[in-house]
Amino acid sequence: MELDTFEQLLTPTGRDLLAEVAARAGVESDLALGTSLRRDHPPELVAAAVTQNHLRGQARRKLGEDAARMYFTHDALEQATRASVSRARTKRLTASGTVAVVDLGCGIGGDLVAFARAGLRVRGVERDPVRAAMARANLGALGLDGEVIEADLGDVQPQTDEVPFLDPARRDAHGRVFDPAAMTPPWDVVAQFLTRPAVVKTLPGFPHAILPEGVEAQWVSDGGDLVEACLWGPGLATAPRRATALPSGAELIGFGDPGEIGDVGGWLHEPDDAVIRAGLVGELATRMGGHLVDGHLAYVTTDEAHTDPLARSFRIVEELPYREKPLRAALTRHDVGTLTIKKRGVDVVPEQLVKRLKLKGSRTATVILARIDDGARAFLVEETGHG
Ligand SMILES: C[S@@+](CC[C@H](N)C(=O)[O-])C[C@H]1O[C@@H](n2cnc3c(N)ncnc32)[C@H](O)[C@@H]1O
């Protein structure tokens, strides 16, 4: 969208048009609605209002009720932080005594809104003129205070009481990028901020090896999806590594201890992805009074029943043969008809295996297939706890 079209959308006429689109969109097709509205409004304004209405609908999942009053571009919405995640980040910032944040590359303001709503003084900096205008409009639409500057972040000096926040773009013209050097701004620019209290949202696959000294890396999952690694600079860092699962906020901190390895006990526990990416499976095993089953496999085992908010727990009902024919016979003996297969370290396509097994029983079951000590093993399990 062009900046002047967006600016027209913010005028009383543009707002009335957007409200009309919202009211009529559910009952009329886009085509019929567009044709009718174009009689009184310029086509680009009608197109912008129809698109905006669609994006508001899509944004609801990520941003909740706020979405209905905010403005987006398709790409900027994809890049915006989920409200649950930005709220959790903001809570930690306010608890640290932070009073002001400069959001360097604020997009349409997903994080900026959360900072402002928590009472922090906020400045957003965004080099894309449409996104900068949208971030400004979004603060206003939600009744929040804050300033948004259209500028390159390199030209803006953080004030002494402002904590810099950076959420570098993780997409280029070809799609998602997985290399911190390919982020915009790239890692070498971002890292310069991490010598002081600063916060950086980055890729969940962020490599541990390049984490600067004194910086905490926090891996965050939300509703089971691994969403980001958040880096906390000196002065805000309170642990070497942290795994956080939202919405519960359950946490585990540690150094990345490789952990003890031992025999498979009576229970298997599957760590939350945040724990796995944080490299804290060893610490989770210790917290659960268990150990790992293999140095390469993210499964914890215990002899007793244990649950942890950062793991799904399974009681081993029986170890089954791994080979397909005897596995089928064993599952038939258990009257299994509907099978869920979880696999770690084995070359199996679960859906294809389920199809080939042709089970006809009446019960539902879960089987874990795992490579342990270089041998493939199968366990019939029942889930005993989740988070
Ligand atoms: C991932 S988005 C930010 C999303 C935001 N945190 C949110 O929740 O809506 C990154 C933004 O940084 C902006 N950006 C990248 N490099 C920049 C630079 N050098 N100066 C200013 N903005 C920049 C991009 O235009 C993009 O809008």
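Predicted model: local features only at pLDDT ≥ 70, side-chain atom pairs only at ≥ 80, totals over all residues.
Student: Into which domains is the protein chain divided?
Tutor: They are domain 1 (3–58), domain 2 (77–238) and domain 3 (267–386), with bounds from an automatic or database domain assignment. The centres of domain 1 and domain 3, taken over C-alpha atoms, are 51 Å apart.

Student: Why are H6 and H7 called oblique to each other?
Tutor: Helix H6 (residues 83–95) and helix H7 (residues 110–117) pack at about 45°, and their axes are 9 Å apart. Axes are lines fitted to C-alpha atoms, for helices over the stretch in contact, and angles run from 0 to 180 degrees between N-to-C directions. Angles under 35 degrees count as roughly parallel, over 145 as roughly antiparallel, 65 to 115 as roughly perpendicular and the rest as oblique. H6 and H7 are therefore oblique.

Student: Which residues make the contact of H6 and H7?
Tutor: H6 contributes Ala83, Ser86, Arg87 and Thr90, while H7 contributes Gly110, Asp111, Ala114 and Phe115. Two residues are in contact if their C-beta atoms, placed from the backbone, lie within 7 Å.

Student: How is the contact of H6 with H7 divided by class?
Tutor: It has 3 nonpolar, 3 polar and 2 charged residues. Ala, Val, Leu, Ile, Met, Phe, Trp, Tyr, Cys and Pro count as nonpolar, Asp, Glu, Lys and Arg as charged, and the others, Gly among them, as polar.

Student: What describes the packing of H7 and H8?
Tutor: H7 and helix H8 (residues 129–141) pack at an angle of about 35°, with axes 10 Å apart. Leu112, Val113 and Ala116 of H7 meet Ala135, Asn138 and Leu139 of H8. That contact has 5 nonpolar residues, 1 polar and no charged.

Student: Why is threonine 238 called exposed?
Tutor: A residue is buried if 20 or more other C-beta atoms lie within 10 Å of its own, exposed if 12 or fewer, and partly exposed in between, with C-beta atoms placed from the backbone. Threonine 238 has 12 such atoms within 10 Å, so it is exposed. It sits in the loop between strand E9 (225–232) and strand E10 (241–246).

Student: What makes proline 309 count as partly exposed?
Tutor: Proline 309 has 14 C-beta neighbours inside 10 Å, and therefore counts as partly exposed. Its place is the loop between strand E14 (300–302) and strand E15 (311–320).

Student: How do you know that H13 lies largely in the open?
Tutor: The number buried is 0 of the 8 residues of helix H13 (residues 350–357), so H13 lies largely in the open. Lysine 358, which follows H13, has a positive phi near 45°.

Student: Why is H12 also said to lie largely in the open?
Tutor: Of the 10 residues of helix H12 (residues 324–333), the number buried is 1, so H12 lies largely in the open.

Terms used. Residues numbered from 1 in each chain as written. Helix = DSSP H or I, 4+ residues; strand = E, 2+ residues; numbered from the N terminus.
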